[in-house]
Structure formats: structure tokens, C-alpha cells
Amino acid sequence: MRQELNLQGNRALLTRANPLSKLAAVFLVTAVLALSIDWVSASVALILELLLFPLAGLTLTLLWQRGWPLILAATVGGWSTSILAPDSGKTLIDVGLWTMSEGSLELGAGFMLRGLAIALPAVLLMSCTDPTDLADALAQKARLPHRFVLGTLAAMRLVGLLAEEWQTIGMARRARGVGSRGSALQRVKATLGQSFGLLVQAIRRASRLAVTMEARGFGDGTRTWARESTYSSLDVWVLGGGVVMAGAAFAAALWAGTWNMVWLGS
Amino acid sequence: MTATSQHGASLAARPAAISARGWGWRHAGRAKAAVRALDLDIQPGERVLLLGPSGAGKSTLLHALAGVLGDANDDDGEAGDSDESGSLLVDGGYPREQRGRAGLMQQDPETQVVLSRVGDDVAFGAENLAVPRDDIWTRVHEALADVGLSHLPLDHPTSALSGGQKQRLALAGILAMRPGLILLDEPTANLDPAGVLEVRDAVARCLDKTGATLVVVEHRVDVWKDLVDRIVVLQPGSSTDSAVLLDGPPDRVLSEARSMLTAAGVWVPGYVPDTRQRSSNPAAGTGGLLLAAEELAVSRERARRKGFRKVPAEPVQQGISAQVRAGQALAVTGPNGAGKSTFALTLAGLLGPVAGKVSATVALSRGAGIDPYQWKAEQLIERVGTVFQEPEHQFVTGKVLDELLFGPRHLGHGTERVDELLERLRLTDLVDANPYTLSGGEKRRLSVATVLAAHPQVLVLDEPTFGQDANTWAELASFLSELLDAGTAVVSVTHDAEFTAALGGTELRMAAAPAVAP
């Protein structure tokens, strides 16, 4: 968990782009996809996103390892949509209670592709963006208060520690006779107690970290930045790429006549 | 690296002077003052070791000097607010108005690291002091070299550092601020012996180079004695006495106050507290066999799921075989990262083995099955008791007495042993206290007592003497020797050679290579 927050030696081209421009590009693409449930805009975006993988240092194996819950969720969502959506067109499968027709299959496929196409940019962004660089950009370029941004960044480092602490507290409590096995009620009670223990430790850790940061002069005063967050010509390409992807998805769906605004119903 | 050497001289910031006049501090919500009537002068460049029993206000003083105690006497004047009296000045000014003049290192290495890359973490303090960007990186390189971490790339992840390295990194972060005053609050209490020396030597090098004033709080006097030129002993505040009990050069203070310091539990050089001798120390291999590990491979990780594949955990140590026998002590020793604690937790039925097996004999399992990991929690605690390194992890109630009664009540046992344990581990006066509010030594004694209240035949302890004062240490060693004589098996994971010697028994030494039991 702690390692996954790092880039692990990823030296791909997109790691050098400014996190803010990447964020903006991701926002553009997902915003367009969120507007319509259709398989054309989603597939176009999905194909373009897959083409970007090498630039972000992401491989299909890595994607599957990090994003398999998302992929599964999109597939299950698509499947249930194609079963439950109102039928139209030729009926393909009819098994008593549920049926799948051409129309519902199209809607289901659109739903699944759209889910993937919306989730993928976020996976792409995280795989080529270091949290520290993101914080630098948010504070220096987006002018968010540095106290808030750096505080969040430091706290995120503790999240990984808490995962380890959770395991330790679980064992320590078993050694006191608090079973995490047994009936559902016993499990809930055990989990609640363990959460309380974790909360106590989290607060202790956080207050010690706050003292450390304050003792290093952290506060509201003016500060300098050891790492300057800069824009380069690469960021123009990133932003431009975002516009092109969003535009391509939209145009393709319009051209194919499948554009289907979410709130207008089908 | 020519740039570094040119800037070398600039690292020598002006050493800070400290002056306390009748200074006192009461924490918000506390009835008693943490420090009262402190008069103390420390000259620029002096190196002071601060000693005293717990509750003498050592940490409070360091926090105040670092300017992180917060504001006392706020305008709102609420009754619950903290309270300051007298004056405490650094270079004639209030510490909290002098950001960066003092650098503070605390005990827990994990919370001394702020950012996730080595270079960024060192730069953090300098950034906050608004040092120009180019100067920051000069300072970062220099500070990393001074603490002996210059071999690490600047983007090295801080989570991959050892405890000793984390503390040295924290020192580098402090040095990059060019402070005139370095404050160390038990900087080596959580480290193994190698880590302790690593940090001590780095501090010595940096002080020689910068000439900064040093104030260090630490139980283990021998580690710091040769580095400091003055020892100040504090005592808990009373309205009449001065807060400073003794003050002078190390040798003089240590010889004058040796008996007083040992009585207060300070680890004075060359002093090993007396402990109870074992009345019978059976030869290795005797005593009924209770628990055996065969060709064990251990890991804290569980098998991980990568997509559809299940990847087995990577063992930290493998091929471990050991036997736990009634009335016998087994000490698990070896360097940090060798998997000692992981092995002990696996032996104690808290972690499942990656390979090999842990089996309980009939004398221990009494019908519960051969594999301790499969036992229910209630079955486990009356067979194998485990005391964790951090006592707070094991507290499950809000009162000392409830903590002790928890195990016996759960098992439906009588509670007759509880009174005996309260008495024996000096917890009788604390029965109504909240476990989290106890001192370090009290927490340790309580955590041992709570586990023993369930009557386990095997007791497993993870670093029981870490950070403990000499009094708690001696009590613990004596108590465990009594248990051993009464037939309990004691397994302890420890770096402490004197503790191992006091308990006797066999030693399982784990190296980076697979371990072989004696």
C-alpha cells in the first residue's frame, strides 16, 4: 500500500508533465463521457486511452493488478444493465424471467465501456503522478493554501502506516482473547473495538507528526518551494490531447447518431 | 562537491543560549504542573544531558524550547487552558517567536519523517523558513552528508529506511534549518543497539561541525555520557523545592548521585540492576515440550491477490526450528529485520505460517487441536499469552482493573489471580486509572499482568525491555524468573543481552540467513 503511492522508478514521458494539466485533461475527457451513455463515445475514448498507456508507463498487467476491482465492477454493471434494461429490437436470449435484446445489449455494452472509459483516466493519472508533485502543483500553481495541501500530503503517508497498525492491533487483541472469528455480531463488535484502538493510535501518531512539522517551522508564514512546479511545452500537448480525446469521442458519437444525453432519457 | 565545501562554514549557525527563570508549565486540563520553578542557564555551545524520573517534565521542557507547546495564558482565560509562569528564553526571546532557531527530534521514527522522498523531507524545514531554492538544495546535500546518508538518491522512498536511518534523516532535516539549538527527546529509545550508535555518532559529528547547543533527554546515560559536557537532573515539581536536583560535569554528577540515580531507575554506566536468581535452572532440553516449530517460514504479509492470481507471501525468514519447554526460557535474538517478531507471532498462534508448521503438544493443547493459529481466541489466551512491544495495542477497556479482569471473565474463570498480579506488579493504586494515561513503565507492567491473568502456559514477549527504565527492567526480569520457576515457558524477542542472561535458557539467534535452533 505504501509502495503503491510511489512511482516505483516510472520514467515515462507523462511523469514529467505538470500534474495540474494532467488533471485538467482527465476532467475534460470524463466530463464528456459522463454526459452520454453510448457505446461509440465510450469506445473511442477507451481506445485513445489505451494508446496512451506507454506514455504513462502503464502496462495491461499493471492495469489489471491495480484496477481489477474497477474492471470487474464495470463488467458486472454492464451485464446487469443488458439484462434489466427495457427490451427493444431483436430478442437475443430469453430465459424465462430475464431477456436480453439488441437494444438492452447495446445499452449494457455502452454502460460497461463508459464505466471503464471514465475510470481509466484516473488510473492513468495516478500511475504517472507522484503525490508530492501533485501537492506542489496544487499549492504553487492552483494557489491552494499550502498548509492544507502539505498537511494532507503528510497525512497520506500515515495512511499506509495505519494499514500495518490495523493488522498489529488485530493480533494484539486476539492475544487478549477478543476473537475476530465467530458469529456476525461478534465480528462486528470485534471490528468496532479494533477501529477504536486504531483511532487512538492514529490520533497519537498524527499529533506527534504535527509537532514534528511545527518544530520544522511549518505554519502560515511565507515559505519557499524546493521543487518549483513548472509548465512546459509538454503541458500544452497534454491539455491539447485532452481536448482532442474529448472532442473525438463527442464527434464520433454525433456522427454515428448514438449520442444520448443522460438526463434526456432514452 | 566543491560547492558543498565552500558552503561548509555557513552551516555553523550561531549557537543558542537558554535561560529559565522560575519557569513553570501546566498542560491544559491537568491539575498538576508538569514543570515548576525551573531556574537554568545553558551557555551557547554547551551539550547537556537531561535526566530525571518520569513526570519530571523533561519532554515538556524540550517542547517549550522548540516552541511547540502552544500559547498559554490566552486572552479568553478559560479554566481548562494551559498555564505558564516565569520565563523561558532562547537567545533572550520567546522560543515560539523564533522559528527555526531550535530543531526537535522525538522518539517515534515514523513520525519524524514528513514527506515520502528523502530529499524533499530534508528540504521541508528549510522551505518553511523561506530559504531561497538554490540554497535549500546545497543545504540538503550537506546535511545528508553530515548524517551519513549521502549515498541515498534524493528520490529514495523514506518508507524504505530503517529506524536508525529515519532518525538520521530527521537530524538532517533539522540541520538543514541551521538551528543554534538541537533538542533530542529520547531519540534512540525505539532503536536496536546498532541504530542507537548510528544516531549517536551522527549527532556527535554534526555538533562538532556546527557547534550548536545540545539538550538531550535519554534514559541510557552510557550512550551519551562522553558526548555531553554537563548533566542536569530534574525532579518532579513541588512548591518548595527547585526543579533542578543536580547540575554539573557528567563524572561528578554520576559519582555524587549514583545511588540516587539508580534508585530513580536511570541507567547509570556500568550498572546492571540486581534481579532474582532462578532457584532451579534446568538444563537445556529438559522440561515438558509444549510447542514446537518445524522448518517454519514466516511473514506478516498474507498471500496477495494480483488479479486472478494468488501470490504467496515472501517469507522474511525460513527454515526456523525451535522448541518451547515448560520452565524454560527461549530468547530470540538477531539484527533488526531478521524476522524475530514475525517468528514469535507465528509461534504464538497469531500469524499463519507461510511454510512449515507450529504444533502444540497434548500437554498444551488439551484438546484444542494441534495448530495454535486455528484456536479460538479464548482457547489461545489460556495456553499462549503474547505481550506486544507497544502496550497500548493491547488495551481493550478504559480501566486498569477491567483490563485485568477481562481475560478471566471471558474465560469464565475465577479472578483470584488478579489481586495477586495487582500486588506483585505494583498496580494496586492504579486500579481506577485509565490505561492510556499510565507512564511507560506502568503500561508495560499492566500489559504483562493482563496477559498473565488468563493463566497461559507459554508467555511470548516482544521486546519487553525496550525503552524501560532500570527499575521496571529489574522488576520484569525478576518476575519472569519466578514464572519460569513455577513452570511457565517464556519466549522473549530481545536485543537486550543482559535481559537474556538474567533469564537463562536457550538462545535462538536469527540471522539474515535461515536460522537453526540450538
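Analyst: In helix H3 of chain B, the buried residues are Val118(B), Gly119(B), Asp120(B), Asp121(B), Val122(B), Ala123(B), Phe124(B), Gly125(B), Ala126(B), Glu127(B) and Asn128(B). This is a predicted model. The count is 11 of the 11 residues of H3(B), so the helix is largely enclosed by the rest of the structure. A residue is called buried here if 20 or more other C-beta atoms lie within 10 Å of its own.

The cover comes from both chains. It includes H5 of chain A, together with H4 and helix H5 (163–175) of chain B. H3(B) also belongs to the side of chain B that touches chain A, where it gives the largest share, six residues.

That contact involves 58 residues of chain B and 45 residues of chain A. On chain B, the elements that give two or more residues to it are strand E5 (102–105), helix H3 (118–128), helix H4 (133–146), helix H12 (377–381), strand E16 (384–387), helix H13 (400–411) and helix H15 (440–452). By residue type, the chain B side divides into 28 nonpolar, 18 polar and 12 charged.

H3(B) is followed by Ala130(B), whose phi is positive, near 60°. Most residues other than glycine have a negative phi. Ala130(B) is not a glycine, yet its phi is positive. It is placed in the loop between H3 and H4 of chain B. With 15 C-beta neighbours inside 10 Å, Ala130(B) counts as partly exposed, whereas Glu127(B) and Asn128(B) in H3(B) are buried.

Helix H5 (residues 131–140) of chain A pairs with helix H6 (residues 146–174) of chain A, their axes coming within 9 Å and crossing at roughly 170°. H5(A) and H6(A) are therefore roughly antiparallel to each other. From H5(A), the residues that take part are Pro131(A), Thr132(A), Ala135(A), Leu138(A) and Ala139(A). They meet His146(A), Val149(A), Leu150(A), Leu153(A) and Met156(A) in H6(A). The residues of this contact divide into eight nonpolar, two polar and no charged. The spacing within each set can be read against a general rule. An α-helix has 3.6 residues a turn, so residues three or four places apart point the same way.

Arg227(A) is found in the loop between helix H7 (184–215) and helix H8 (233–256) of chain A. The C-alpha atoms of Arg227(A) and Ala137(A) are 90 residues apart along the chain but separated by 9.7 Å. Arg227(A) has 19 other C-beta atoms within 10 Å and is partly exposed.

The domain assignment of chain A gives domain 1 (2–134 + 230–264) and domain 2 (143–215). The C-alpha centres of these two domains lie 33 Å apart.

Chain A has eight helices and two strands, and along the sequence they follow the pattern α-α-α-β-β-α-α-α-α-α. The radius of gyration of chain A is 23 Å, well over the 18 Å that the globule rule gives for 266 residues, so chain A is more spread out than a compact globule. Its C-alpha atoms fill a box of roughly 70 × 60 × 35 Å along the principal axes. Buried residues make up 35% of the 266 residues in chain A.

Chain B has 17 helices and 19 strands. Its radius of gyration is 25 Å, close to the 24 Å that the globule rule gives for 518 residues, so chain B is as compact as a globular protein of that length. The C-alpha trace of chain B spans about 70 × 60 × 45 Å along its principal axes. Of its 518 residues, 51% count as buried. Among contacts in chain B with a separation of 6 or more, residues 24 or more positions apart account for 74%.

Conventions: Residues are numbered from 1 along each chain as its sequence is written. Chains are lettered from A and ligands numbered from 1 in the order in which they are written. This is a predicted model: local features need pLDDT of at least 70, side-chain atom pairs count only at pLDDT 80 or more; totals for chains, interfaces and linings use all residues. Axes are lines fitted to C-alpha atoms, for helices over the stretch in contact, and angles run from 0 to 180 degrees between N-to-C directions. Helices (H or I, at least four residues) and strands (E, at least two) are DSSP runs, numbered from the N terminus. Angles under 35 degrees count as roughly parallel, over 145 as roughly antiparallel, 65 to 115 as roughly perpendicular and the rest as oblique. Two residues are in contact if their C-beta atoms, placed from the backbone, lie within 7 Å. Ala, Val, Leu, Ile, Met, Phe, Trp, Tyr, Cys and Pro count as nonpolar, Asp, Glu, Lys and Arg as charged, and the others, Gly among them, as polar. Domain bounds come from an automatic or database domain assignment. The radius of gyration is taken over C-alpha atoms; the globule rule is 2.2 Å times the number of residues to the power 0.38. A residue is buried if 20 or more other C-beta atoms lie within 10 Å of its own, exposed if 12 or fewer, and partly exposed in between; C-beta atoms are placed from the backbone.
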